[in-house]
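Please walk through this model with the structure open beside the text.

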Amino acid sequence: MSARTLPLLFLNLGGEMLYILDQRLRAQSIPGEKARKDEWTDVDRKRVMNDIITTMFNKKFMEELFKLQDLYSKKALRTVYDRLAHASIMRLNQASMDKLYDLMTMAFKYQVLLCPRPKDILLVTFNHLDAIKDFVRDSPGILNQVDETFRQLIETYSCLSAGEFQLIRQTLLIFFQDMHIRVSIFLKDKVQNSNGRFVLPISGPVPWGTEVPGLIRMFNRNGDEVKRTEFTTDGNYVAPQREGSFDLYGDRVLKLGTNMYSVSRQVETHMSASSKNLASHAKENIAPNPLAKEELNFLARLLGGLDIEKPGGSETGFRLNLFTTDEEEEHAALTRPEELSYKVINIEATQEPGRRAELSRILGELEVAEPRPASSGKGEDLLALMDGL
């Protein structure tokens, strides 16, 4: 497992969350002069996006995120996104939050699978950050927060070897391996099967720095080429024209990680049979783990950087529905397996013993699997606690 995976996972999932929220807020917004008090306007949309991005790129939060640490459980990360999605006046019901998280995870999983080479995961991340910068282009202060994270990414990841990026990719795939939620966009484009598994293409551009398949070259002991043999391939491969830019500004070339919701499309999610089977067995692994308090402490540190402002005065939160109608949202809430529904856990980051006891008290909210032995020698802070979807 790579200890450098968490920032890439968080930023890419966060970018997908912002794409979805922006698309839904635009679809439900009403012109300001015509809107009632309880209806969305474009001003509200910009405020929500700015508030969430400000919270997401909080300096203290980013400092905790970039510390060397293994990935934690899906429920721990889901708790962070629950908190992040409610960092403004927007409020999501449980079913809409479930759908939002499903769309986020399946989109990024598909992008990881399609990356021509492991290092291209960094270009996917840059595409997300480029789009986030476009969301806040009229807010210099927030834009500077995103740029600071951009520079930190470049400093941290630009010097990594191909092997280290391969380890990051494998860590991400392990995290996503049991998630097979069907998404209407992917089903319509025939890149996802009815069981929720993706269909990977056998054609297209080859990774930068490699050659198009179809030629075998043989060399003698002196390194001189002595023979060439051509063969036919089933795929239609092309060589990339240039490598994507890993600088703060530049052409990424790779389109993975760009906003697929920029064109209005209806998006639905459906749970595959394999995911339902996982849900039916989820209760078998809910016994409290004595080391799970370390995961709660991780959440306490991480969420400590999320300064969530509650609507002040008489202002109430606006409700956002990710479904077409309220009836669809209510039906999704009723049919969602209880084991796959998550509760928001509000945790205060503090060193007081009483607060530590409180963190342990809510241990039952987190369902974690048995931890792997720590191999880094840095103790419990680096224990990776992984569980299933």
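The model is predicted.

Start with helix H1, residues 6-28. Its 23 residues should span 33 Å at 1.5 Å a residue. The end C-alpha atoms of H1 are 33 Å apart, which agrees with that expectation. Of the 23 residues of H1, 20 are buried, so the helix is largely enclosed by the rest of the structure. Buried here means under 20% relative accessible area.

Now turn to the partner. Two packed helices are described by the angle between their axes and the distance between the axes. H1 packs with helix H5, residues 94-114, at an angle of about 125°. The axes of the two helices are 9 Å apart. The crossing of H1 and H5 is right-handed.

Which residues make the contact? H1 contributes Leu-8, Leu-9, Asn-12, Leu-13, Glu-16, Met-17, Ile-20 and Leu-21. H5 contributes Leu-100, Leu-103, Met-104, Thr-105, Ala-107, Phe-108 and Gln-111. By type, the residues of this contact divide into 11 nonpolar, three polar and one charged.

Last, look at Lys-59. This residue lies in helix H3, residues 59-65. Is Lys-59 buried or exposed? Its relative accessible area is 64%, and the cut-off for exposed is over 50%, so Lys-59 is exposed. Lys-59 and Val-146 are 87 residues apart along the chain. Their C-alpha atoms are separated by 9.8 Å.

Definitions and conventions. Residues are numbered from 1 along each chain as its sequence is written. This is a predicted model: local features need pLDDT of at least 70, side-chain atom pairs count only at pLDDT 80 or more; totals for chains, interfaces and linings use all residues. Side-chain values use heavy atoms; hydrogens and water are left out. Axes are lines fitted to C-alpha atoms, for helices over the stretch in contact, and angles run from 0 to 180 degrees between N-to-C directions. Helices (H or I, at least four residues) and strands (E, at least two) are DSSP runs, numbered from the N terminus. A crossing is left-handed if the near helix is turned anticlockwise from the far one by less than a right angle, and right-handed if clockwise. Contact means heavy atoms within 4.5 Å. Ala, Val, Leu, Ile, Met, Phe, Trp, Tyr, Cys and Pro count as nonpolar, Asp, Glu, Lys and Arg as charged, and the others, Gly among them, as polar. The expected span of a helix is 1.5 Å times one less than its number of residues. Buried means under 20% relative accessible area, exposed over 50%, partly exposed in between (1.4 Å probe, protein chains only).
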